[in-house]
Amino acid sequence: NSFCTLLAFEMSAHVRVRTALQELRSLHIAFLRREGHPGEVRQQASFLLNESAPLLTLSTISEVARAEGQPLARAVSDLAVQTGTFCSSSSIRPDAHTAIAGLFSEALRSTEMSESRSAICRIGDMAARMVTRSRLSQGGAAYEPLLQLSYDRGVDMVMEQSSVNDLELVQDIERLLRVGGTIQHREGEFQSVFGSGPVALLPRKRKVEMTAKLMRCKGASRLLQKLRSASSVSRLDAIRVIQTFASEGLYDQETATRCCDVINNTIAVATPRDVARSMYALGVLGHRHEALAAWCQYLEPKKLSSREFSSFLAGAAMLQLPLSSLKATKFVDDSLWLHTKRADPAWTVDALHALSVVEHKPFKFVVHSARNVLTKIHTLEDKHLLKLLFGVSQRWGEPPPDLAHSWRKVDRVKAIVEAKLKDRKLDEPLQTIP
């Protein structure tokens with residue numbers, strides 16, 4: 001009787017896991033296609049993971065994979081991608097995180113997974129994202145043991161790859177760079193210093209620190225050598241690599257230049273979002289490319305969200321890229337008025353600050369910004385107060401006659417911000433204001 005009961009339980013567990021995985025797959029597709037409200041989709045996925053986590057073992061996953069006629073590595077790989085999408089939710093219980101992390105630890109040690117490089121790299125990528133998120137919330141600590149194991153295994157498998165034409169090779173290298181950067185993370189790294197000018201308030205990282213971090217990642221130099229030798233790198237993969245460099249604080253000039261060349265060679269078919277994301281990442285890295293100024297002609301205001309446009313401006317500011325061409329000037333001015341009507345004060349201040357760095361002079365926007373933040377200055381954090389100060393203090397030149405009266409609001413905002421900074425003992429930057 002006990003054997004029959006156990007058998008019935010295992011069959012029930014297998015059926016429940018198969019149903020849960022099918023539902024999770026459907027939710028993931030709906031999330032990627034933006035079907036339904038993202039918050040509701042996440043909530044459904046969280047409930048599903050909480051309920052099914054205790055049953056997610058390598059044995060039950062293997063049974064489901066066998067029933068569906070797919071390799072175990074593929075099933076585990078898909079689950080890693082879905083978990084990485086949904087497990088950042090605060091609704092996931094700690095015991096569910098522990099169970100899910102345990103499943104992937106078991107998978108990494110399984111002989112059935114030993115030949116699947118992409119599955120191992122995807123597990124590592126998922127763990128890296130979870131650990132990074134756990135620095136801001138709970139749950140990710142359970143995934144830390146996966147990092148080093150997946151990284152070491154992944155690096156070895158990439159280096160064993162004789163062909164460099166594998167379409168997934170570049171993607172796997174990018175994932176491993178994210179894992180390596182997460183392993184080498186140090187609290188407080190790449191902190192900008194207030195008081196050293198307007199550019200210091202942007203999230204640009206120091207190349208010497210990024211290069212040093214890359215050197216600490218054992219095997220990273222070999223990964224990049226493999227990447228550079230790849231005969232074909234897609235535009236999306238090139239963007240992902242420089243984004244990973246930027247997010248993890250890793251830098252290699254030769255690799256970044258190769259990625260820029262790939263993006264530039266396909267820029268005519270790139271989306272405005274691709275261009276904006278690339279510009280921001282390159283700004284964080286401080287990596288300049290001769291073709292960057294020409295990328296502006298492929299941007300369209302209506303095809304960028306306010307956040308993407310702000311990222312483009314920040315990238316251009318970090319690179320101190322002139323926006324003086326007629327195409328660039330028209331794009332920036334049109335985008336400002338498209339997005340500013342529904343933007344919050346922080347967005348307005350970020351845009352004004354970035355424009356002051358590249359010395360773009362939209363006088364009407366400066367006046368509008370002063371009006372927009374005048375009654376909301378008290379809501380701004382210290383960093384945004386400093387950005388606002390530099391923004392309204394920029395030597396914009398003589399405003400047009402029709403704005404001369406309105407310009408008093410700009411001067412008033414400057415006086416209020418200076419007083420607030422003195423009250424908060426942050427008046428050192430005032431010495432650098434012209």
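Leaving aside its neighbours within four places in sequence, which residues is Ile61 in contact with? The views below start there. This is a predicted model, so local features need pLDDT of at least 70, side-chain atom pairs count only at pLDDT 80 or more, and totals for chains, interfaces and linings use all residues. Residues are numbered from 1 along each chain as its sequence is written, and side-chain values use heavy atoms, with hydrogens and water left out.

**View 1. Ile61 and its contacts.** Beyond the neighbours within four places in sequence, Ile61 touches Val17, Leu21, Leu56, Leu72, Ala75, Val76, Leu79 and Leu103 (contact means heavy atoms within 4.5 Å).

**View 2. The largest nonpolar core.** A nonpolar core is a set of buried Ala, Val, Leu, Ile, Met, Phe, Trp, Tyr and Cys residues joined through side-chain atoms within 4.5 Å; buried means under 20% relative accessible area (1.4 Å probe, protein chains only).

**View 3. Helices α5 and α7 packing.** Here α5 (residues 94–108) meets α7 (residues 144–160) at about 30 degrees, with axes 11 Å apart. That makes α5 and α7 roughly parallel (angles under 35 degrees). Ala101, Phe104, Ser105 and Leu108 of α5 make the contact with Leu146, Leu149, Ser150 and Arg153 of α7.

**View 4. Asp237 in helix α11.** Asp237 sits in α11 (residues 235–248) and is buried, at 6% relative accessible area. Leaving aside neighbours within four places in sequence, Asp237 contacts Leu167, Val170 and Gln171.

Conventions. Buried < 20%, exposed > 50% of the residue type's maximum accessible area, 1.4 Å probe, protein only. Axes fitted to C-alpha atoms, helices over the stretch in contact; angles between N-to-C directions. Helix = DSSP H or I, 4+ residues; strand = E, 2+ residues; numbered from the N terminus. Parallel < 35°, antiparallel > 145°, perpendicular 65-115°, else oblique.
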